[in-house]
Amino acid sequence: MNKLSLLVGARGLAVVLLAAVGLLCAVPGRGDEPAKLEPAAVKQLQNKYRADRAAAEKAGLDKVFSPEWFARAADLAKSGDAALAAGRLLEAADNLRRARWEIPGLPADFPPHVARIFGDARLRHTHWVLCVAYSHDGKRLASASQDGTVKVWDVETRRELRTYTGHTEMVRAVAFSPDGKLIASAGGDKDIRLWETDTGKDVRPLKGHTEFVTGIAFSPDGTHLASGGADRKVRLHEVKTGKLVHELAGHNLLIQGVAFSPDGKLFASISDDRTVRIWDLKGQVIAGLSAHAANIYGIAFSPDSKQIATCGADNTARVHDIEAGSEKQRFEGHKGAVTCLAFSKDGKTLVTGSNERTVMLWDLRTGQNFRTLQGHTEEVRSVVFRNDGAELASGSVDNTVRLWDLGTTDQFREFTGHKGYVWSAYFSPDNKLIVSAGADRIVRVWEAANGHEVHTLKGHTSAVTCAVFSPDGKTIASTGGDMVVRLWDAKTGEAVRTFTGHKATITAVAFNNDGTRLVTGSAAPDRSVKVWNTATGREVTSFTRHTAVVSCVAFSPDGKTVASGSADQTIRLFKADNGEEIKALSGGHSAAVSALAFSRDGGRLASCGADNKVLLWKLKEDASPQAFSGHTGIVSSVAFSPDGRFLVSCGADRIIRMWDIQAGQEVQSFRGHKEWVSNIAYSPDGRYLVSASVDGTVKLWELVGKDVGSGYGHVREVRAVAVSPNGEYLATGSADRTIRVWDLKTAREKVVLSGHTDTVTAVGFTPDNKQVISAADDRSLRLWDVATGKEAAVLLDALSNEVPMLTPLKDGKVRVWVANRLIETYDLNQGKQVESWSGHDQDIASLAFSSDGELVALGGVDGTVRIWNVLKRERVLKDKDKKDIDLKAHDESISDLAFTPDKKQLITADKNGEIKLWDIEKQQAVKTIPALKQSVVATAMSPDGKRFAMATMDNVIRVFGVADGTMQREWKLRAPLQANRPFIRNLAFTPDGKQVATANANTTAYLLDCP
């Protein structure tokens, strides 16, 4: 042992190796104690789910939303019930919570006569989410958006409770009063609005700002509200009366935000002048900080009111001591500007959001980033902790709110029984068993589901360093300080065979892919790697090329290659059959290599070591390895997730860290071990981790879903909609670059068509119902097979501009309107354009094709309409001298138009909402419908020609009869009013003319019942 100690030296060696010979001392300190989850709390969730489901079915929501939602809910609830019965409380609670989220709900003030909803608008706005705020009790969440609304969400169910539409411009800030009865919101329309949370009723405006407002904050007792904005003034209002208490000057550029201290004695402001000002309630500046060398975007007081955190464009967050006026901590890790931040209520954690789309959690005691949350697809603008610390909300430019479960409940099941350090823990191939081993010389086999000990395997005479299952799960191999490999029957626990030959502690063991070979590595003075025949116990090959202790070994997935790692800081690859060296990986680790793991495809090798690093090597390349840094002590174990997307590692800092390989960032951490974590492994199904520790325990960690706000269907606004000619399918095209095909009768998603690289602007079914044609801002036209979801044809860079409309033709061609004036026809099967011509000599505002594509009408900005026969390439409208003319339809710009199916009549509407029905042959208006007083944004004609539908900028859809022009039904969607951003983007009738499908800015599509 003294010789080994000298070999190890000050740099340290892998935990497993040191432990095998009794050199490791217990790591000082204790981990955080997670809160325990009680069965009663899980049963309450069970009852809530059942009540939610019963209420949804009673309301008929199972007929409005896809049956998939309810089927998923039932499956999750069933799993939750089973887990509860087995005592797996975290798994049960997670499944039952997610089952509740699957139960859909209608948005607030939803109109009647909506037959189906396609997709999910929960936790989404129609424009950027700029601010999020929890109520004090954590039951509600408010989100403010550039779409001009504030939405209030039920946190437990993720359902919308209310949409406040009192603002006339974007809403930049929102806050709950401490008692939760009021919400304050502010933004582009200068006034701060106070309104009742439960009713949405306006209480009073707080006036005074002369420019837009960027930040608001209630005092902890709810009596005052601080605000700041573009007018460079900080204002303090009395909430009860609306009285202005102070108007404070001092900043010389736009104020980006304000915050109140938790003790209510101070409030602070930040500005584009790169300063922080801290004020007392008398309006006096008590401190001023030049916090960053770039713009400051976020501010928050610590829970004890003694510190203040800021973040900014310099990619950092900083914590400042208020009394000393100095920087205390700096947090660096984001690769872009840090846009927002918040303290946890217990003061242990700081959360930051960034314009590079990530959310990071920082340990304020160590200054280390211990978790990175990924999911947003655009800049993160707001982050906030729920008061109990169990959840985090974030809002983003991607129009979504995301809720993140922070896992403060007990995340693990603990297996106790070992006496002393535990060095090894692994799953059986069927996920049902766990084998562990340690310093007590015993190998233990446990049932993973309940922690029941199945076998206690005794025979080793020294500490057991490693125990693993064979690939078929029938055998267990164990090694240790007695220099022997032992094989055990996993079913009976009986000893099968013993392998001898090493002359020092065996530090590691691994099976090959079919279980016919074992590889082992040993300590000094042996320092050898041996490959064994498992059936006979004989050596196949043995080699000594490392100059120090061999600390880890691994077989490649195909069983042809052996990897070994050593205290000599190198990794070597050998041929398994003869020991011939293939490659040496050096220059990566600067201290002892402690563990190795091959990816499932064998193309990558992960390693970790005493230099605190996790490295990922691409074995077919000579490039430097990818490094994952975050551990603050020796890293003792590393493993790939079964799908190859993640790595997990552990070590002396007692933290298990999960890494996203593609992003190169930590995405999750697990805390609960009280001492050094010696080993970590995934379950084969990827749902669990098992860890071993020198604290004497084995822990089973449940990998429950953490991002709980992603929803279903499209994730950005729906821009295009089409119904198949047979009435079976609905196609929707979105700004998320996908087309989704839905079953029209059930709202079940049939297939997702992915390939466009920009917003999809138009979609249509071919006449045979078998294919979908799409156009997008990536200037491509694509043809898709509905049955398989595969791309049948693509014309890249075919388009010179946006395509607002297309119509598939019977001969396999597609006719498109290329904004602004071009009309083009493409043959997708031949992959070429067959015609292109300009339909007008001035700007056109709208266009309509006849259903067969023969006629096209162009609506001009001057109120005129020009009609072409595309096949003949000639104008339709003539004067008495047979000269081409335009129809002077309106005095204002034509906002939309549509042909009747027989091509004899044309519906037109202008930007003021005046509607006219024209006889094309006579060139006369046969019906004028009084102005709707809103611009028409979408029009659709029923296939039978009996009715037409129009959507207007006020978010109302109306259906009119063609014969008499009377309105038959309207749907007031109470959606946000946004200049030049309509909620309804497109309309399409079903073939029978009885229903209208809508493309919505809130990521959904509706199917409306006509009278």
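**Helix H3 and its cysteines-in-waiting topics**

Helix H4 (67-86) and helix H5 (89-102) are among what covers the buried residues of H3, where covering rests on contact, meaning heavy atoms within 4.5 Å. Keep in mind that this is a predicted model, where local features need pLDDT of at least 70, side-chain atom pairs count only at pLDDT 80 or more, and totals for chains, interfaces and linings use all residues. Residues are numbered from 1 along each chain as its sequence is written, and side-chain values use heavy atoms, with hydrogens and water left out.

**Helix H3**

- H3 spans residues 39-58, so to speak 20 residues; helices are DSSP runs (H or I, at least four residues), numbered from the N terminus.
- From first C-alpha to last, H3 reaches 29 Å, close to the 28 Å expected at 1.5 Å a residue (1.5 Å times one less than the number of residues).
- Val42, Leu45, Gln46, Tyr49, Asp52, Arg53 and Ala56 are the buried residues of H3 (buried is under 20% relative accessible area, exposed over 50%, partly exposed in between, with a 1.4 Å probe and protein chains only).
- Ala40 and Lys58 are exposed, on the face turned away from the buried side of H3.
- After H3 comes Gly60, with a positive phi near 80 degrees.

**Cysteines**

- The model has zero disulfides (pairs of cysteine sulfur atoms within 2.5 Å).
- For Cys340, the nearest cysteine sulfur is that of Cys311, 6.4 Å away.
- Cys340 is buried, at 6% relative accessible area.

Note on methods
Helix = DSSP H or I, 4+ residues; strand = E, 2+ residues; numbered from the N terminus.
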